[in-house]
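User: I am new to reading protein models, and I would like to go through one slowly with you. Could we begin with how its elements are named?

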Amino acid sequence: MPEKQARARAVKLLVMDVDGTLTDGAIFVLPDGEEVKSYNVKDGLGLLMAHLAGLQTAIITGKTSKALEKRAEKLRIAEVHQGILDKRPVLEDIDPTVTDSKGR
């Protein structure tokens, strides 16, 4: 068990996608063509707990959404990269010691 705990403590950064990760994958299209996604409040709680444990968080997603910007800001996600199809180079450039724009 100590080895697993040590490995878990070594984790500094949680990077995720959005669709099917922070959402259930459903997209609602409004009459004006705007797309709306449904976020789960439990994921927000999980991210808060991750931050309290000292983890930094980031999102890399292929789509672009103003709603995601607002959600990520509310959840204090340090980095949000949208419109990224080749995610690996962006992932490799993320600094796990970075904090969000408010220094948290």
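Analyst: Helices (H or I, at least four residues) and strands (E, at least two) are DSSP runs, numbered from the N terminus. Here methionine 49 lies in helix H2, which covers residues 41-52. Residues are numbered from 1 along each chain as its sequence is written. This is a predicted model, in which local features need pLDDT of at least 70 and side-chain atom pairs count only at pLDDT 80 or more, while totals for chains, interfaces and linings use all residues, and side-chain values use heavy atoms, with hydrogens and water left out.

User: Is methionine 49 buried or exposed?

Analyst: Buried means under 20% relative accessible area, exposed over 50%, and partly exposed in between (1.4 Å probe, protein chains only). Methionine 49 counts as exposed because its relative accessibility is 52%.

User: And where is lysine 37, and is lysine 37 buried or exposed?

Analyst: Lysine 37 sits in strand S3 (residues 35-39), and with a relative accessible area of 14% lysine 37 is buried.

User: Which residues does lysine 37 touch?

Analyst: Contact means heavy atoms within 4.5 Å. Leaving aside residues up to four places away in sequence, lysine 37 touches Val18, Asp19, Thr23, Ala26, Ile27 and Lys63. The C-alpha atoms of lysine 37 and isoleucine 27 are 5.0 Å apart, although 10 residues separate the two along the chain.

User: How is strand S2 joined to S3?

Analyst: Two strands pair if DSSP finds at least two bridges between them. Strand S2 (residues 23-29) runs antiparallel to S3, and 4 bridges join them; valine 29, for instance, has glutamate 35 in S3 as its bridge partner.
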